[in-house]
Amino acid sequence: MKWPGPRLALVVSTSVLLLVPVAAAAPAPNEPVPRDPAALARMLETTTNQLGAAIYRWHPKSVPAPDDVVLLALYQQRIYRALGANAKLSRTTIRLLPRGLAAVAADLLAAHRELYRLTPPLTTHKIKVGPALPASALLSAYREAQRRFKVPWEVLAAVNFVESKFGKLRNASAAGAQGPMQFMPATWRRYGLGGNVHDAQDAILGAANYLHASGAPRDLRLALHHYNPSRSYVDAVLRYARRIASGRTMFFALYNWQVFVKTAHGDRRVTGPGLP
């Protein structure tokens, strides 16, 4: 491992001694990913722990994430992508992880594979990207949508992540779906509440309205099947939602994952540090 693990600083708070994680060096954007299962398991565990500590230090969440969060999240994402592309390596590595992290990894890898099979190569040469809304603004939008339409906020966050990486990918789908929640025009006219399909907050409310009308929260699987009639899609969204619901750190980690697009010539990263 080329960068040090997180250090702990002794801090006095009134009469209490606290151990607080201190920022450590982060991996380079193209840091090599190990191919040996034991080394890969250790690296995933270390990176996940360091990312959690960096997310803890990131405050307030209304400002862009600091460099260590961005770089650690990218490296974590690249590890999962390497595992997702090699089933044998994935199985062996997961067996070497601590039980809790192994369960998380199994869900993330299954969701990645389910969606990857569904995703056709991007045919356009012009890939449109942009920044997501601040993490705190997205969380506020999910909570407002949950209050109004009773759709769990983590499901809305998972749909937002799956459809557009929280609004970072701006291209319309091959079928013509638009915006950060990827609505077909006719569906948006019916459920979009008169908002702008390209506005993240409007799109999240529209998605909650549509999912509620389709059976949520009583039957989330049915509602998500209306959103995209694919069992693999539904399974993937619910896997991400389960992990987001298990701890807010997962939402902030996924929020800082970058956009990789599938093309006829292979996968290509189009956002994040280290690009030309």
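Phe166 is buried in this predicted model, with a relative accessible area of 2%; buried denotes under 20% relative accessible area, exposed over 50%, and partly exposed the range in between, computed with a 1.4 Å probe on protein chains only. The residue is found in the loop between H6 and helix H7 (185-191), helices (H or I, at least four residues) and strands (E, at least two) being DSSP runs numbered from the N terminus. Although Phe166 is not a glycine, its phi is positive, at about 65 degrees. Gln182 is found in the loop between H6 and H7 and has a positive phi of about 55 degrees, again without being a glycine. Gln182 is buried, with a relative accessible area of 12%. A positive phi also occurs at Lys165, which follows H6 and has a value near 50 degrees. Most residues other than glycine have a negative phi, and most peptide bonds are trans.

Residues are numbered from 1 along each chain as its sequence is written. Because the model is predicted, local features need pLDDT of at least 70 and side-chain atom pairs count only at pLDDT 80 or more, while totals for chains, interfaces and linings use all residues, and side-chain values use heavy atoms, with hydrogens and water left out.

Two cis peptide bonds are described here. The bond from His59 to Pro60 is cis, with omega near -5 degrees, and Pro60 is placed in the loop between helix H1 (37-57) and helix H2 (67-84). The bond from Ala216 to Pro217 is cis as well, with omega near 5 degrees; Pro217 lies in the loop between H8 and H9.

Helix H6 comprises the 12 residues 153-164, and its end C-alpha atoms are 17 Å apart, in agreement with the 16 Å that it should span at 1.5 Å a residue. The expected span is 1.5 Å times one less than the number of residues in the helix. In H6, 12 of the 12 residues are buried, so the helix is largely enclosed by the rest of the structure. The buried residues include Trp153, Asn160, Phe161 and Glu163. Their packing partners are helix H4 (99-118), helix H5 (135-149), helix H8 (200-213), helix H9 (220-227), helix H10 (231-246) and helix H11 (248-255), where contact means heavy atoms within 4.5 Å.

A search of the whole structure finds 18 aromatic pairs. Rings of Phe, Tyr and Trp (its six-membered ring) pair if their centres lie within 6.5 Å; planes under 30 degrees apart count as stacked, over 60 as edge-to-face and the rest as tilted. Tyr210 and Tyr227 form a tilted pair, 5.7 Å centre to centre with 40 degrees between the planes. Tyr210 lies in helix H8 and Tyr227 in helix H9, so this pair ties together parts that are 17 residues apart in sequence. Tyr210 and Tyr227 are buried. Phe251 and Tyr255 also form a tilted pair, at 6.2 Å centre to centre and 40 degrees between the planes. Both lie in helix H11, 4 residues apart, about one turn of the helix, and both Phe251 and Tyr255 are buried. Ring pairs link a cluster whose members include Trp153, Phe161, Phe166, Phe251 and Tyr255.

Charged side chains also meet aromatic rings. The charged end of Lys165 sits over the ring of Phe161, 4.5 Å from its centre, the criterion being NZ of Lys or CZ of Arg within 6 Å of the ring centre and within 35 degrees of the ring normal. Lys262 lies over the face of Tyr116, at 4.2 Å from the ring centre.
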